[in-house]
There are 2 protein chains.
Amino acid sequence: MSGFIESLRAALGDDAVATGDAIAPRHLADWSGVPPVRPLALLRPRSTAQVSVALRLCTQHRVPVVPQGGMTGLAGAAQPMAHGVALSLDRMQAIEQVDAATRTLTVQAGATVQSVQEAASAQGLLFGVDFGARGSAQVGGALATNAGGNGVLRFGMMREQTLGLEVVLADGAVLPMLRPMQKNNTGYDLKQFFIGAEGTLGVITRALLRLHPAPSARATMLAAVPDYDAALALLSRLQARAGAGLAAFELMWRDFVQAALGWQQLREPFDALHPLLALVDLDGPDATQLQAALEDVLTPAMQDGLVLDAAIAQSEAQARAFWKIREATAELPTHMHPPVNFDVSLPMAEIGRFATACRAALDARWPGHASVFFGHIGDSNLHVSTDASTIGGDVEGLEHLVYDLVGDFAGSVSAEHGIGLHKKPFLGRSRTPAELAAMRAIKGALDPLHLMNPGKIFDR
Amino acid sequence: MSGFIESLRAALGDDAVATGDAIAPRHLADWSGVPPVRPLALLRPRSTAQVSVALRLCTQHRVPVVPQGGMTGLAGAAQPMAHGVALSLDRMQAIEQVDAATRTLTVQAGATVQSVQEAASAQGLLFGVDFGARGSAQVGGALATNAGGNGVLRFGMMREQTLGLEVVLADGAVLPMLRPMQKNNTGYDLKQFFIGAEGTLGVITRALLRLHPAPSARATMLAAVPDYDAALALLSRLQARAGAGLAAFELMWRDFVQAALGWQQLREPFDALHPLLALVDLDGPDATQLQAALEDVLTPAMQDGLVLDAAIAQSEAQARAFWKIREATAELPTHMHPPVNFDVSLPMAEIGRFATACRAALDARWPGHASVFFGHIGDSNLHVSTDASTIGGDVEGLEHLVYDLVGDFAGSVSAEHGIGLHKKPFLGRSRTPAELAAMRAIKGALDPLHLMNPGKIFDR
């Protein structure tokens, strides 16, 4: 292997190849809780050409490669391998172009999501993806995991923001799929193959992203609803009234609301305790019109019994106060020991029945367990977090219970975090053997030596 | 081969297997002008299970398969092969489910686009894709070509409408990728591979499609602009003001307007003759607000010289009259002998320069040629149609001229119609050898015997 490392140093420069203790700890594990692993070497190329050279050398020496972004992943997809190299994109963080006229942005994959948001904002535009790890998460990692987050209802996930990608394959071939056209039906849409592939098909080095006009006004509402079907009906009415202006529809079950208020020492938002709270944002050009739209929906919804109580924020401070309840998720690591977090999706009509069935199964198996239910319902995405200390630390039993139920409801074991290592045992709950065989065939076609992040998503 | 045909008859039933003159003429060629070819047999399965059996038999006998939808394609992708079977989906046209609450629709691939639109409309919803051939084009064909059309600016192409697909691979394996979640990050997003693959990777048998709230109001404007950059600035201001409410932004060059008015014996819409006309639709819940939004943009745009003259439709009849100019494209086959139609896309900022350069090159080579320029500018899509009789019938020369120029401008030789047979010689203008090699690798992985629509998009 010393010849291999030497050839990397010769090709990339000494400063781009670290080994042993010179590898910073943050490259040894992501945020998922997987055990840290020290790779053979950490590569920090400065250009697409250097990524290509590095991958060619790895192919020549049959050394596996684990691409790394900001290491904020929650599924273990960026965990290094002891006999492989880690390839960090953190020196490739240029925002190369922001084109306000066509609302596009060209960026190197190592730029943070936040830096893309800021570059868009400087031109009066908006990047459609946002999530908590924005300051560390890199564009390449967000693409490799098809990240979602707060803006999905309005703008979709990373896939929907992507007009083009530049990707380097395991053999060093560069695919320059960066043409900025909205419409481009010239054979297979290759870039789609790499979005959400968690680095197992190639290394994303650059991206051409869509931007959106920045909304100039927002209206926020907190509404108590009697049951899940009422929440779904409210969502439907909001979408009919506001169309694409509906920017958020978050649903919080009572268990979540109670924990969120307690952790943050907040007061109950309504006089009565309600089974479910919906948090709604509308975006648009005119605040008065947005408030009117909320009222147009709210009045008949209350008459029809779909909404039990509601408040439309009359100031930004009040809107922030409503959102503070939802953002209690940042407190999970402090108040659960530790939290076991699920990120599942389900057919939208089934989420209520799933939550009821899941809570009943948890109650039966671990009486007194602490679990909270909440989610981006408009995206069909439900989060469940359980305090491991309240189930006797039986994380494996919990995962089997939840994912088996997800399988029964024809749901997905990963809505947005990806499979990585963490959910690999459960992928079969959401994919058939024929689908997994097709994935393996594609993997073999683009990475015949199985050197690109091997063992992530599925085994060979 | 008689044993093969017999085994098909035994498996599918006599009525599902036609040969010789029993094959209806419409199965011999699509709308692209390719010469008709009589296949070995026409298969008309009634179910996914029958499609699977048929493909398994074709694989056993090493017989190529050409999937067929409504035969309205414009690139020759559905042209049969004399030594292969044609597989028509026209008996699989059930709309299986419309779920108004989650705004999704499940449909067999042989249903027409129009039947999907009507099923959505019956529930007060809208299907986001619409184009002229809606009454004949089938969902499967529209997916296989990633069709675009009139609604792309607001809703995207077929890809963006697709939550799930059921696909049968060449070996008969069924991929049931029909889970209805907006978010589903469980390994590779396999369905993406088949959208736009023109039937070369498998047969799409069912689709789960997104629907949208039907807009209740529309406002329409016709605006004369001095040049392309002014049109782009107007587009940008409209998007900033109306956001996703901007439903159409069509641009028509003077040559198109003049031909359109002449063919349909319409009067000039403005007192002066202007270099470019933009046709704009805004959709939303309230007609008065939409008109106000148009006026909000129009007044400063006229002051700034971006708009020379404009009219906001005051009635549906007036809106239809504006659109009649744009819809003169239906007259192209009558008035050009015959028309040679280009469907290219370009970086949005470059469309004006491309149109100028293209016209200059045509003028230089074929003085007196009749060509019209128009397009869905908001989608980066430009159409050019030239009367072949005015260039001495030199279609090949014309194609080389236009596609070479598209390559020079880093554009796409096919925005929405696809490659099929027709544009195969020009695919290299828009794709690099590395990209083509990756496509071939994927083809080989999913269809190792090269039986699925071989020779379309690229040669082996």
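This report describes the interface between two protein chains and a selection of local features within them.

## Basis of the description

The model is predicted: local features need pLDDT of at least 70 and side-chain atom pairs count only at pLDDT 80 or more, whereas totals for chains, interfaces and linings use all residues. Residues are numbered from 1 along each chain as its sequence is written, chains are lettered from A and ligands numbered from 1 in the order in which they are written, and side-chain values use heavy atoms, with hydrogens and water left out.

## The interface of chains A and B

The interface brings 76 residues of chain A into contact with 76 residues of chain B, where contact means heavy atoms within 4.5 Å. The size of an interface is often given as the accessible area lost when the parts come together. Here the two chains bury about 6200 Å² between them, with 60% of it on carbon and sulfur atoms. Buried area is the accessible area (1.4 Å probe) that two parts lose on being put together, summed over both. On the side of chain A, the residues that lose the most area to chain B are Lys183(A), Asn185(A) and Tyr188(A), together 16% of what that side buries.

Between chain A and chain B there are 38 residue pairs in polar contact, both residues being at pLDDT 80 or more. A polar contact is a pair of N or O atoms within 3.5 Å; within protein, one must be able to donate a hydrogen and the other to accept it, and residues adjacent in sequence count only if both atoms are side-chain atoms. The elements of chain A that give two or more residues to this side are β9 (174–177), α7 (191–194), α8 (228–242) and α15 (433–446). Helices (H or I, at least four residues) and strands (E, at least two) are DSSP runs, numbered from the N terminus. The most is given by α15(A), with nine residues. By class, the side of chain A that touches chain B has 38 nonpolar, 26 polar and 12 charged residues; Ala, Val, Leu, Ile, Met, Phe, Trp, Tyr, Cys and Pro count as nonpolar, Asp, Glu, Lys and Arg as charged, and the others, Gly among them, as polar.

Six salt bridges are found across the interface, a salt bridge being a side-chain nitrogen of Lys or Arg within 4 Å of a carboxyl oxygen of Asp or Glu. Asp189(A) forms a salt bridge with Arg159(B), and their closest N and O atoms are 3.5 Å apart.

## Strands of chain B

Strands β8 (residues 162–168) and β9 of chain B pair in the antiparallel sense over four bridges; two strands pair if DSSP finds at least two bridges between them. The two strands form a hairpin with five residues between them, and Gly172(B) in the turn has a positive phi of about 95 degrees. Met177(B) in β9(B) is the bridge partner of Leu165(B). Strand β9(B), residues 174–177, has Leu175(B) and Met177(B) on its covered face and Val174(B) and Pro176(B) on its uncovered one.

An open sheet of four strands in chain B has the order β1-β2-β4-β3, with mixed pairing. Its edge strands are β1 (17–18) and β3 (65–68), each pairing on one side only. Strand β1(B) runs antiparallel to β2 (residues 41–43) of chain B, and two bridges join them. Val17(B) stands opposite Leu43(B) in β2(B).

## Buried residues

Asp255(B) lies in helix α9 (residues 254–264) of chain B and counts as buried at 18% relative accessibility. Buried means under 20% relative accessible area, exposed over 50%, partly exposed in between (1.4 Å probe, protein chains only). A polar contact of 2.8 Å joins the side chains of Asp255(B) and Arg359(B). A polar atom of the Asp255(B) side chain also lies 2.9 Å from the backbone nitrogen of Phe373(B).

Leu332(B), in helix α12 (residues 332–335) of chain B, is buried with a relative accessible area of 5%. Beyond residues up to four places away in sequence, Leu332(B) touches residues including Trp263(B), Val372(B) and Phe374(B).

## Backbone features

The peptide bond between His337(A) and Pro338(A) is cis, with omega about -20 degrees. The bond from His337(B) to Pro338(B) is cis, with omega near -20 degrees.

Glu198(A) has a positive phi near 55 degrees and is buried, with a relative accessible area of 4%. Gln265(B) has a positive phi near 50 degrees and is exposed, with a relative accessible area of 76%.
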